[in-house]
Amino acid sequence: MNRNSKHIVVVGGGYVGLYTVLRLQRTLRRELRDGSVRITVLTPESHMTYQPFLPEAAAGNLSPRHVVVPLRRVLKKATILNGKVTKVNHAGKTVTFEPNVGTPHEISYDLVVMAAGSVSRTLPIPGLADAAIGFKTVGEAIALRNRVLGLLDRAETNEDEAVRRRALTFVVVGGGFAGIEALAELEDMALDAVRYYHNIKREDMRWVLVEATDRILPEVGPEMGRWTAEQLRERGIEVKMNTRLESCEGGLVKLSDGEEFEAATIVWTAGVKPSPVANAGDLPLDERGRIKTSTRLTVVGAKDAFAAGDVAGVPDVTNPGQYCAPNAQHAVRQAKVLADNITRHLHGKELVDYRHKYVGSVAGLGLHKGVANVYGVKLRGLPAWFMHRTYHLSRVPTVNRKVRVMADWTLALFFKRETVSLGEIEEPRAEFRAAATA
C-alpha cells in the first residue's frame, strides 16, 4: 500500500455510492492503478438495490436477485466493508465503523463522501412499529409478497368470517411513488392469484390507500394524479385522501375519518428522512436534518467533504430557494457530478455546480398499466407502462442487470407469473426446531 495515497471513504452503497465509485473507477483509472488513490465503501449491505423495481419484484414480475447489484463485482477497484458508520469526526478525518459482526474501530480518510441515503420516516403512531412493514428494501418487498399470498392461503383454508376478513384486508399508507406502485402491483398480483382459489372471490379482498394530503402522485401533476386515483377506484381500491392513520395496535386500524377495521397487512410508505449517520458527527446540518451541501456537492464549511442524495440538502440552482427532491433521478445525476468534482478536486481544478433539467416522472400501476408525465407529455395506460419500463431499464446499472431484467420480462410474455408464497424462508429453522424438540 502506498502510504502517500489519498484515501477516499464513501459512506453508503446505494445510488450515490455505487454510481459515484463506478465513475471514479474511470476518471481516476491511472491513480487507482498506481496506488496514489484508494477507495473504501462502508455500507451495511454488499449490494445496491434498484428501488424502482421493488414493486415488480414484489409482484413476481422480476426475480429479486435481478433488482440488486453486487457491489464487489462492479466496484472492483474499491474495498467494500460491510457495517455501519456510527460517528463522523471530520475534524480528525476519521469515521467510527462498526462491522456487522466484530469490534468497532476508526478508519482514517483524506476525503469523505456522505452517501448514506435515507430511512423510512415514521411517526409516533400506536402499533406502527409492531404491525406495519416498510417498502424500501428487497427483503421488505419479498416478505410483503409472501405475506399477501400467504394470507390468501389463510383465507381459503379458514371458515371464520372475521379471520377471513382480516386476512383479506390490505392497507397502504402513503400516496407517493412507493405507495401507489406497491399497492397497484400487489393488487394486480393478488387478482391473478385468486383465480386458483375456490373460496375467494375478487370482491372478498379489500385494498385501502391512506393519504394524509388531498392528492396522490404529486410528481406527475394534479391532472394525472386525479386520473390515477380514478383508475384505482375503478379497480375497487379505496382511496382515502385527507386521512391519517391514527393507530394500528394489534392490526386494528383506526383512521382520522373515524373508520376502524382489522387488517393483517399494513404497509408504511409515508416518506423518508435522512440516514441517522447525518447527525452522527460534526458535519453541519440544515433545518431538515440533512447534511448542509453546496451546489457543487461539497459540505458547507468542511474541506475535503462531499455529500449527495437523500442524506444531503442540495440547493436546486434551477429553482432558487428550493432543494433537490430526495429521489432516484437526482441521486443518479448528482453522482456523476460528484465523481467529476472529486476528480477535479484531486487534480486542483475548479468544481462545477449540479444543475439538472427536469425530465418528468413515470409510475407503474400493475401489468400493462401506468401513468407518466415526461417533458410535459402526459401518458396513461399501456404507453405509460411501456415508458416506465423503458426508462428504468435504461437507468438500472450494468449491462449484466439490464440483460437479466429483459430476460425476466421476456419470459413473462410467454408464461404466467408464479403466485406461490414462500413465507417459510423468513423462518428457515422453524421446521427443524420443531422436529428437534418433538
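**Note on helix packing in the model**

1. The crossing of helix 1 and helix 10 is right-handed, and this, like the other points below, is read from a predicted model. Helix 10 covers residues 328–346, and the two helices pack at an angle of about 35 degrees, with their axes 8 Å apart.

2. On the helix 1 side, this contact is made by Y15, V16, Y19, T20, R23, L24 and T27, while helix 10 contributes A328, A331, V332, A335, K336, L338, A339, D340, I342 and T343. Sorted by class, the residues joining helix 1 to helix 10 are 11 nonpolar, 3 polar and 3 charged. As background to such patterns, an α-helix has 3.6 residues a turn, so residues three or four places apart point the same way.

3. Helix 1 itself (residues 15–27) has 13 residues, which at 1.5 Å a residue should span 18 Å, and the 18 Å between its end C-alpha atoms agrees with that expectation. Because 10 of the 13 residues are buried, helix 1 is largely enclosed by the rest of the structure; the buried residues are Y15, V16, G17, L18, Y19, T20, V21, L22, L24 and Q25.

4. A second pair is formed by helix 11 (residues 382–395) and helix 12 (residues 399–414), which pack at an angle of about 150 degrees with their axes 9 Å apart. Since angles over 145 degrees count as roughly antiparallel, helix 11 and helix 12 are therefore roughly antiparallel to each other, and their crossing is right-handed.

5. The contact between helix 11 and helix 12 involves R389, L393, S394 and R395 from the former and K402, V405, M406 and W409 from the latter, with 4 nonpolar, 1 polar and 3 charged residues by class.

Definitions and conventions:
Residues numbered from 1 in each chain as written. Predicted model: local features only at pLDDT ≥ 70, side-chain atom pairs only at ≥ 80, totals over all residues. Heavy atoms only, no water. Axes fitted to C-alpha atoms, helices over the stretch in contact; angles between N-to-C directions. Helix = DSSP H or I, 4+ residues; strand = E, 2+ residues; numbered from the N terminus. Parallel < 35°, antiparallel > 145°, perpendicular 65-115°, else oblique. Left-handed = near helix turned anticlockwise from the far one by under 90°. Contact = heavy atoms within 4.5 Å. Nonpolar A, V, L, I, M, F, W, Y, C, P; charged D, E, K, R; others polar. Expected span 1.5 Å × (residues − 1). Buried < 20%, exposed > 50% of the residue type's maximum accessible area, 1.4 Å probe, protein only.
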